[in-house]
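Subject: Handing over a structure

Dear colleague,

I am passing on the structure below, together with some notes on what was found in it. Please read the notes with the structure open beside you.

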Amino acid sequence: MPPAADTTASPRTGARPQTERPSAPAKYLGVLFAVAIAAAAVNLRPVVTSLGPLLDQVRADLGMNPTLAGLLTAVPSLCFALFGFAAPAAARRIGPVAVVTAGMGAITAGVLARSFAGGTAVFLLLTALALAGVAVSNVLLPVVIKRYFPEKVGPMIGLYSMALSAGTALAAAVTVPLTSALGGDWRYGLGVWAGLGALALLLWLPVLIARRERGEQAGGAAAAKLPITRSRTAWAMACFFGLQATGAYVVMGWLPKIFQDSGVDKGTSGVLLAVTMVIGVPVSFVLPNLAARRGDQRLFVVVLAACGIAGYAGLALAPAGAPWVWSVLVGLSNCAFPLVLTMIGLRARTSGGVAQLSAFAQGVGYLISIPGPILVGRIYQATGQWYGPLGFLALLLVPQMLFGLRAARARHIEDEAVHPAERVKA
């Protein structure tokens with residue numbers, strides 16, 4: 001990374017010294033680092049979204065019963081929560097860059113190895129390995145951005161979010177045709193995504209060597225552990241994160257079925273799902289930049305919730321009437337994800353604080369999101385219609401907006417997450 005310019009006034013003359021220009025190697029390292037972050041983000045969802053279109057083939061080949069298949073749909077959120085909580089401790093020991101690099105290795109190994117799994121248990125275990133890599137990277141990439149790009153948090157979160165959205169849409173859109181092109185075997189269709197992980201790993205290894213992080217020097221991750229549960233902002237962030245994740249996972253899992261039940265053919269319903277994901281690519285780049293420039297982000301919280309309510313209402317009342325409009329509106333609502341990532345980076349003063357807030361918000365948030373898709377399925381099974389599930393999703397946007405308004409206020413968790421004795425001293 002380019003060294004920060006020295007703008008401290010001279011004690012003798014009061015004049016500011018000339019700004020130092022970063023060396024060419026530092027410039028190249030900065031570009032490499034940004035590319036590595038984007039490559040890592042691309043790998044954070046294909047582990048999940050490549051499996052969905054091939055799940056029936058995987059179940060049949062491995063003899064996976066419906067109960068285990070249902071468990072498989074809950075594994076991502078559970079792994080994101082459990083391993084996400086462990087990420088800050090690992091970062092304090094070996095540094096966030098090293099942990100993200102290891103995460104890319106876990107994704108690559110897990111995705112490749114599960115394509116050779118001979119049984120359900122091994123498949124689940126190797127999927128969990130890949131998801132562990134996703135979980136720690138989920139938590140620590142905002143930390144890396146906060147430390148190494150402190151003046152460009154908005155643009156870098158935008159790049160990260162855009163790449164993540166692109167990876168999500170890419171895996172959902174091309175897994176089936178890619179599998180067909182490779183002979184129709186699901187093992188090739190899933191295993192090929194290990195190539196993206198290997199590419200990201202190759203980019204992160206030179207970054208790891210260049211950064212030379214050592215344990216407690218891990219970019220602020222060694223900061224004193226905050227009693228973060230005392231922070232109302234942290235709790236609001238966790239609830240906001242969990243509720244937006246609930247909506248996102250329901251949409252990814254059920255939107256094609258909603259359209260198909262209204263008479264839309266399977267091919268078009270898949271394209272409509274891709275639209276909800278693709279719309280997030282440009283918005284995920286622009287939104288964090290706009291949000292980071294404001295003192296608070298409450299306006300964006302309200303606008304995105306309004307888009308979701310309108311989209312769910314349209315899906316409930318006339319799903320085949322304007323399906324492209326509903327898909328765009330729901331896709332915009334799901335852009336609460338890059339917004340909450342931006343807020344995580346802005347609500348703490350240090351990269352250590354960001355690490356703890358990121359782990360807490362994502363860990364608690366993913367736990368909150370686990371029951372949502374299951375409950376939506378049960379409501380649909382009980383009623384046979386989508387009015388109830390879609391009304392439930394629209395209703396969830398109300399507390400999401402309220403928690404988001406609280407989390408979006410311009411303040412830092414370090415000012416809230418302090419011991420009472422320290423508050424008295426201050």
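The side chains of R406 and E416 come together in a salt bridge, with N and O 3.4 Å apart; a salt bridge here is a side-chain nitrogen of Lys or Arg within 4 Å of a carboxyl oxygen of Asp or Glu. This pair links distant parts of the chain, since R406 belongs to helix α18 (residues 387-407) while E416 sits in the loop between α18 and α19 (420-425), 10 residues apart. Salt bridges with shared partners join R406, R411 and E416 into one network. E416 counts as buried, because its relative accessibility is 13%, where buried means under 20% relative accessible area, exposed means over 50% and partly exposed lies in between (1.4 Å probe, protein chains only).

Before going further, please keep in mind that this is a predicted model, in which local features need pLDDT of at least 70 and side-chain atom pairs count only at pLDDT 80 or more, whereas totals for chains, interfaces and linings use all residues. Residues are numbered from 1 along each chain as its sequence is written, and side-chain values use heavy atoms, with hydrogens and water left out.

A search of the whole structure finds six salt bridges. As background, side chains of opposite charge can pair when their charged atoms come close. One of the salt bridges joins K257 and D261, at 3.3 Å from N to O, and both of these residues lie in helix α10 (residues 232-261), four residues apart, which is about one turn of the helix. K257 counts as partly exposed because its relative accessible area is 33%, and D261 is also partly exposed, at 38%. Another salt bridge pairs R298 with D296, whose closest N and O atoms are 3.0 Å apart; R298 is partly exposed, with a relative accessible area of 37%.

As for the overall fold, the protein has 19 helices and zero strands, both taken as DSSP runs numbered from the N terminus (helices are H or I, at least four residues; strands are E, at least two). Of its 426 residues, 53% count as buried. If a contact means heavy atoms within 4.5 Å, then among contacts between residues at least 6 apart in sequence, 83% join residues at least 24 apart.

Helix α4 (residues 66-94) supplies the largest share of the patch, four residues. F85 is found in helix α4, and F85 counts as partly exposed because its relative accessibility is 38%.

Inside, the structure holds three cavities of 30 Å³ or more, a cavity being a set of points on a 1 Å grid over the protein atoms alone where a 1.4 Å probe fits but cannot get out, with lining residues having an atom within 4 Å of a point. The largest cavity holds about 340 Å³ of space. Of the 19 residues that line this cavity, the closest to its centre are L164, T168, A248, N334 and F337. The largest share of the lining, five residues, comes from α10.

With best wishes

Key: 1 Å grid on protein atoms, 1.4 Å probe; cavity = no way out; pocket = protein on both sides within 12 Å on 5 of 7 lines; lining within 4 Å. Points joined across faces, edges and corners; volume = space filled by probe spheres on them.
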